[in-house]
Amino acid sequence: MLHLEFAIAPSQINSLTDLMVLEARMGYEKGAVLSRFPKSWFKEVSQRLNSELDGTTLTRAIEKLRDLQSSKLVSFGRDYEGDAWVEAAKKSHDVSQFHRLVEESLDESPVFVSSLMDLSDADFMYASRYNREAESLASAASGLLFGAEKVTIYDPYICATKPGSRKTLLELMKVCEKGEVEFHVFSEEDRKPPWVQTEQALVALKGQMPENIKLYWYCADDGGSGFLHSRGLFTAKGGLIYDRGFSEPAAIEQRQELTDIIPMPNDLLQVNAKSYNTSLQYEDFNLVRGVWTSHP
């Protein structure tokens, strides 16, 4: 996935300064997320802060900790096996690698780091170029998709009649682990096959979708403003900008071409969340017809 997963032992968080370091370094928009490992990470850190701090400092620390919990702390369903954090983290790392593990007894650079303060800018360099195979395009977004309940995709060229578009959508859907996940896909109406063909393709796609997915398909028209030219994906927590969209090319050699996928800045995320809010009137484009849904 594009987002770097950092596992940081609860014992490493003892001060307001430690939390400020995490606040500055972590976030979907920065390409780095803090692993909820163990699941009780927030509770354990909160208990440590209450024992170490008091007064105004404690109040500020708890506020920052809650901010981390809501926007930077991510659970990927990892098993916690063992009594000690280091033992459990290494076992989980053997199954699926963390980007960095941070705990005072660790000292095997660059992956095993002994202190938050030993992390440098180089530790936060994420890969932003992916080949155009459907599985690769989907893997970049896995950090956002794993716990998502609603996924919004906008791409003027995505088309249900194209095998490459359907294949990428199915790969994206496979990553979603929640019991029910909504996919809202916005495609430009211009230069598309007749709607009857699109509808037939959507019905066929429904038959291939995982059972936990509900698909909503929107045909949009921006009246030539260019609003719909950009391409991206976002959830409630963050987003990604896809330079060349979501369709795997038909030509095999083109699938190995690299495309840029980068974190979506928070201000753009907020703008997109408003523009594509399905409960509001659309101000930046018009819908050509009613919304097609896989589950009426």
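How do the residues of the lining of the largest cavity divide into nonpolar, polar and charged? The legends below start there. This is a predicted model, in which local features need pLDDT of at least 70, side-chain atom pairs count only at pLDDT 80 or more, and totals for chains, interfaces and linings use all residues. Residues are numbered from 1 along each chain as its sequence is written, and side-chain values use heavy atoms, with hydrogens and water left out.

**View 1. The largest cavity and its lining.** The lining holds 6 nonpolar, 2 polar and 4 charged residues (Ala, Val, Leu, Ile, Met, Phe, Trp, Tyr, Cys and Pro count as nonpolar, Asp, Glu, Lys and Arg as charged, and the others, Gly among them, as polar). A cavity here is a set of points on a 1 Å grid over the protein atoms alone where a 1.4 Å probe fits but cannot get out, and lining residues have an atom within 4 Å of a point. The count comes to 1 cavity of 30 Å³ or more, and the largest has a volume of about 60 Å³. Grid points are joined across faces, edges and corners, and the volume is the space filled by probe spheres set on the points. Among the lining residues are Trp 195, Trp 217 and Arg 289. Strand S8 (181-188), helix H8 (195-206) and strand S9 (213-221) each supply at least two lining residues; helices (H or I, at least four residues) and strands (E, at least two) are DSSP runs, numbered from the N terminus.

**View 2. Cys 159 and Cys 219, two cysteines of the cavity lining.** A search of the whole structure finds 0 disulfides, a disulfide being a pair of cysteine sulfur atoms within 2.5 Å. For Cys 159, the nearest cysteine sulfur is that of Cys 219, 8.8 Å away. Cys 159 is buried, at 4% relative accessible area, and Cys 219 is buried too, at 5% (buried means under 20%, exposed over 50%, partly exposed in between, with a 1.4 Å probe and protein chains only).

View 3. Most peptide bonds are trans.

**View 4. Arg 191, a residue with a positive phi.** Most residues other than glycine have a negative phi. Arg 191 is not a glycine, yet its phi is about 60°. Look for Arg 191 in the loop between S8 and H8, where it is exposed, with a relative accessible area of 60%.

How values were computed. 1 Å grid on protein atoms, 1.4 Å probe; cavity = no way out; pocket = protein on both sides within 12 Å on 5 of 7 lines; lining within 4 Å.
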